[in-house]
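Colleague: I would like to go through this model with you and ask, for each label you use, what it rests on.
Modeller: Please do, and I will set each value against its cut-off.

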Amino acid sequence: MKSSAGLEEAVAALRERPVSVTDKGFGVLAADGPVTAAGLAAQRKSLSSLGFTMPLLVLRETALHHNITAMAAYCASAGVRLAPHGKTTMAPQLFARQLAAGAWAMSAATIGHVQVYRAFGVGRVLLANELTDEAGTIWLTHELAADPGFECYVYVDSEAGVRWLGRTLRAAGTVRPLPVLVELGFEGGRTGSRDIDTAVAVARGVDDWSDVLVLAGAAGYEGGLGGDRSPASVTAVTRFCRDLRTLGERLAAGSRTPGELVLSAGGSAYYDVVAQELTAGWEGAVVLRSGTYVTFDHGMYARVAPAPGAGAQLRPALELWAQVLSRPEPGLALLCAGRRDVAFDAGLPVPLRVRYDDGRLVDVAGWQVVQLNDQHAFLTLPVAAELGPGDLVCMGISHPCTTFDKWRVIPVVDDDSVVVDVVHTFF
């Protein structure tokens, strides 16, 4: 397993990793000869001239750079640390850029994600979930023993969970105590102690396993309390963050752990509220776990983004390109992209522009994707709109997390649509 210092080397190797004919969008291109990120970047050729097959997911370099830089600057100004949730992209090349911009750690959702991160040399991981996988826990003890510089935080939300984790670590012979964050949840939510008193009791239970566990702070996820910027949603998120801060204060008052405790929250929708509420009077560290900021979107996150001046002003970086297959009715076109290619759990793709057969690139408005099948998108458009078989429609996406996982290799283009990189994902 690579050491923490190996991230840069591992990412450099990805630039030389051959793209296969079985990688979606690259079949024809890869069949003509070896294709790598470094090779494509050296050619300086446009997206349209390289022979990609459709549909194709594309990343915009200018927006990527802007978002990574903007969120780093926001966190610095807000006095919080950033541990981007890597489950959004599962792309070590993007992890490296986020960490180079100042991210404190990378967040993970499963022990399998942690293994991917470690395979590429990520040195500090916040596993934002309970660890109840025996094989994964044993692997983690070995990883901690093999690399003294590696840090990993995990969640606990019940006394039973603390006992299970403590017994498993003890049986595995862990070489150093594992830092744990007590997770606070809410009624009807996912994991997390349902009230502050229960969470405090969980923290006390950690003390009984001090040879293998160490209390590191508290964490929670506020995103399930709202889906918009309505006063009701913001109030619910604010109340939860204040409860989480109260939990942190109670843990700090009774803690036998030297050093600062961590408070962590922050999905990608309400990170501004989290930063404001958790830093208010808290003397420890505050860690945001926002993940989708790296690409943002044209849908769900665009709708709930902080108002100008309240957070990082982000730009959509993901585009899905698809050819017109048919225009069987005057106000309908069928595109060669569907649920196998793009997210549909939090909104359908948003038509942005068309590239016609003659090379013209034209913005569109009022067009709408109204339905997705596995491999088809139903696009409604004005009856008089110019569009026919072979024309390319560019669409923005809603919810990056469930778009990235449909692609193993994604080209990155500059403002002139010249391919400058290729990103590999590891879901």
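Colleague: Where is Leu 127 found, and what makes it count as buried?
Modeller: Leu 127 is found in strand E4, residues 124-130, of what is a predicted model. Buried means under 20% relative accessible area, and Leu 127 has 1%, so the label applies.

Colleague: Which residues does Leu 127 touch, leaving out those up to four places away in sequence?
Modeller: Leu 127 touches Ala 108, Ala 109, Thr 110, Ile 111 and Val 114, and also Tyr 153, Val 154 and Tyr 155. As for Val 180, which is 53 residues away along the chain, its C-alpha atom and that of Leu 127 are separated by 9.5 Å.

Colleague: Why is the pair of Tyr 74 and Tyr 271 called edge-to-face?
Modeller: In the pair of Tyr 74 and Tyr 271 the centres are 5.3 Å apart and the planes stand at 80 degrees, so the pair is edge-to-face. This pair links distant parts of the chain, since Tyr 74 belongs to helix H4 (residues 61-78) and Tyr 271 to helix H11 (residues 271-278), 197 residues apart. Tyr 74 and Tyr 271 are both buried.

Colleague: Why is the pair of Trp 104 and Tyr 153 called tilted?
Modeller: Stacked would need planes under 30 degrees apart and edge-to-face over 60; the planes of Trp 104 and Tyr 153 are at 50 degrees, with the ring centres 5.6 Å apart, so the pair is tilted. Trp 104 lies in the loop between helix H5 (92-100) and strand E3 (106-108), while Tyr 153 lies in strand E5 (residues 151-156), so the pair ties together parts that are 49 residues apart in sequence. Trp 104 and Tyr 153 are both buried.

Colleague: How do you know that the charged end of Arg 190 sits over the ring of Tyr 221?
Modeller: The distance limit is 6 Å from the ring centre, together with an angle limit of 35 degrees from the ring normal, and the charged end of Arg 190 is 4.0 Å from the centre of the Tyr 221 ring. Arg 339 likewise lies over the face of Phe 344, with 5.9 Å to the ring centre.

Colleague: Which residues touch the most other members of the largest nonpolar core?
Modeller: That core has 133 residues, and those that touch the most other members are Phe 26, Leu 140, Leu 165, Leu 213, Leu 247, Leu 251 and Leu 387. Helix H4 gives the largest share of this core, seven residues. Leu 140, leaving aside neighbours within four places in sequence, is in contact with Ile 111, Leu 131, Phe 150, Cys 152 and Leu 178.

Colleague: What makes the length of helix H9 agree with its number of residues?
Modeller: The twelve residues of H9 (residues 196-207) should span 16 Å at 1.5 Å a residue, and the end C-alpha atoms are 17 Å apart, which agrees. Asp 195 caps the N-terminal end of H9, with a side-chain oxygen 3.2 Å from the backbone nitrogen of Asp 197, where the limit for a polar contact is 3.5 Å. The buried residues of H9 include Ile 196, Ala 199, Val 200 and Ala 203, and the elements that the buried residues of H9 pack against include E5, helix H8 (159-172) and helix H10 (231-254).

Colleague: What is the phi of Phe 296, and how do you know that Phe 296 is buried?
Modeller: Phi of Phe 296 is near 55 degrees, a positive value in a residue other than glycine, and Phe 296 has its place in the loop between strand E9 (285-288) and helix H12 (300-304). With a relative accessible area of 11%, Phe 296 falls below the 20% limit, so the residue is buried.

Colleague: And what makes the peptide bond from Met 54 to Pro 55 cis?
Modeller: Omega of that bond is near 5 degrees, and the bond is cis; Pro 55 lies in the loop between helix H3 (37-43) and strand E1 (56-60).

Terms used:
Residues numbered from 1 in each chain as written. Predicted model: local features only at pLDDT ≥ 70, side-chain atom pairs only at ≥ 80, totals over all residues. Heavy atoms only, no water. Phe/Tyr/Trp six-rings, centres within 6.5 Å; stacked < 30°, edge-to-face > 60°. Helix = DSSP H or I, 4+ residues; strand = E, 2+ residues; numbered from the N terminus. Buried < 20%, exposed > 50% of the residue type's maximum accessible area, 1.4 Å probe, protein only. Core = buried A, V, L, I, M, F, W, Y, C linked by side-chain atoms within 4.5 Å. Contact = heavy atoms within 4.5 Å. Expected span 1.5 Å × (residues − 1). Polar contact = N/O pair within 3.5 Å; in protein donor to acceptor, adjacent residues only side chain to side chain.
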